[in-house]
Amino acid sequence: MEAPDPANGQPDPRLEQLRGRLAAVQRRIGDAVAAAGRQVKPPRLIVVTKFHPAADVRRLAVLGVTDVGESRDQEAAEKAAQLQDLGLDWHFIGQLQSKKAKSVVKYAGSVHSVDRAAVVDALAKAMAAETERTGRPPLDCFIQVGLDEDAGAHRGGAAPSGVPALAEQVAGAAGLRLAGVMAVAPFGADPAPAFEKLAELSARLTADYPGATGISAGMSQDLEQAIRFGATHLRIGSDILGPRPALR
Ligand SMILES: *Cc1c(COP(=O)(O)O)cnc(C)c1O
């Protein structure tokens, strides 16, 4: 698909569709922030573009989106290379294999899925080389926590009891910045208890690491509850881009 050219005046129905859905999500975010009844900074909106073409990411940039999320390294690396001119902030949000760390640090400003010691080691090593090569700023690392009571519904992440050790490891690694915590709410259950638990974990983390205030939570289905429990970063895909092929 041809990338849209905002200057050529051609009608682009997909751009208009994205504009409408993005505005609707932004209204929901605004309403939820207001309903939270606190003077909170509105959370940062990361638009999750996995499975959708680079041309859609370009359209989103035209609409003012600055942060995009991807969950597969190969797809993300290709899009980031094609869209370098846009200066977007790329967030890696998917399960990360250690061997992909070298590639991820070439385009990502943040990794939201840091969930085990081997991944921290791999990212630290990759960042040492990348910093030397490019002088890039530190990589923001969110520790992904698994909040499922039921292991069968597991959607990734470290056990809550493992957070302090991972936090210490990230905080001690040159090139990595401890940004906070991340979670995906359990499937088919009320997300509120999970987000409440995540907020408690975040409070404990920031007691030791005052800069690690990030709470990456909230997807299309549950952004209101995530905001209610203090999310600082939302990861919204399908309510803006529409359905994507089912994950294998
Ligand atoms: C795909 C994905 C999202 C976006 O989910 P939607 O329900 O499409 O908004 C958010 N976070 C993670 C980790 C994802 O893999």
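Me: Buried means under 20% relative accessible area, exposed means over 50%, and partly exposed is in between (1.4 Å probe, protein chains only). Which of those is Phe51?

Reply: Phe51 is partly exposed, because its relative accessible area is 23%. Bear in mind that this is a predicted model, where local features need pLDDT of at least 70 and side-chain atom pairs count only at pLDDT 80 or more, while totals for chains, interfaces and linings use all residues. Residues are numbered from 1 along each chain as its sequence is written, and side-chain values use heavy atoms, with hydrogens and water left out.

Me: Where is the place of Phe51?

Reply: In the loop between strand E1 and helix H2. Helices (H or I, at least four residues) and strands (E, at least two) are DSSP runs, numbered from the N terminus.

Me: What is phi of Phe51?

Reply: Near 75°, a positive value in a residue other than glycine. There's a positive phi after H2 too: Gly64 follows that helix, with phi near 100°.

Me: How far from Phe51 is Arg136, C-alpha to C-alpha?

Reply: The two C-alpha atoms are separated by 27 Å, and the residues are 85 apart along the chain.

Me: What does UniProt place at Lys50?

Reply: The UniProt record, an unreviewed entry, has "modified residue: N6-(pyridoxal phosphate)lysine" at Lys50. UniProt positions are given in the numbering used here, feature names are shortened, and annotations may be inferred rather than shown by experiment.

Me: Is Lys50 buried or exposed?

Reply: Buried, since its relative accessibility is 12%. Lys50 is in the loop between E1 (44-48) and H2 (54-62).

Me: What does Lys50 touch?

Reply: Not counting residues up to four places away in sequence, Lys50 touches Gly69, Glu70, Ser71, Glu75, Lys79 and Arg244. Contact means heavy atoms within 4.5 Å.

Me: And Thr49, buried or exposed?

Reply: Thr49 is buried, with a relative accessible area of 0%. Thr49 is found in the loop between E1 and H2. Beyond the residues up to four places away in sequence, Thr49 touches Val57, Leu60, Val68, Gly69, Glu70, Glu75, Lys79 and Leu241.

Me: How many residues of H2 are buried?

Reply: Seven of the nine, so H2 is largely enclosed by the rest of the structure. The buried ones are Ala54, Ala55, Asp56, Val57, Arg58, Arg59 and Leu60.

Me: What covers the buried residues of H2?

Reply: The cover includes helix H1 (13-36), E1, strand E2 (67-70), helix H3 (73-82), strand E3 (89-92) and helix H9 (238-241).

Me: Changing topic to Gln84. Where is its place?

Reply: Gln84 is in the loop between H3 and E3. At 66% relative accessibility, Gln84 counts as exposed. Its C-alpha is separated by 11 Å from that of Ala54, 30 residues apart along the chain.

Me: Where is Pro191 found?

Reply: In helix H7, which runs over residues 191-208. Pro191 is buried, at 11% relative accessible area. Leaving out residues up to four places away in sequence, Pro191 touches Ala185, Asp222 and Gln225. Pro191 and Ala226 are 35 residues apart in sequence and 8.1 Å apart in space, C-alpha to C-alpha.

Me: What is Ala231 in contact with?

Reply: Ala226 is one of its contacts, along with Pro43, Ile215 and Ala217, leaving aside neighbours within four places in sequence. Ala231 is in the loop between helix H8 (223-228) and strand E8 (233-236), and with 8% relative accessible area Ala231 is buried.

Me: Zooming out, what does the secondary structure of the protein come to?

Reply: Nine helices and eight strands. The radius of gyration is 18 Å, close to the 18 Å that the globule rule gives for 248 residues, so the protein is as compact as a globular protein of that length. That radius is taken over C-alpha atoms, and the rule is 2.2 Å times the number of residues to the power 0.38. Along its principal axes the C-alpha trace spans about 55 × 45 × 35 Å.

Me: What share of the 248 residues counts as buried?

Reply: 49% of them. Among contacts with a separation of 6 or more, residues 24 or more positions apart account for 61%.

Me: How far apart are the mean positions of the positive and negative charges?

Reply: They are 2 Å apart, for 29 positive and 29 negative charges. Lys and Arg count as positive, Asp and Glu as negative, and His and the chain ends are not counted. The place of a charge is NZ of Lys, CZ of Arg, CG of Asp or CD of Glu.
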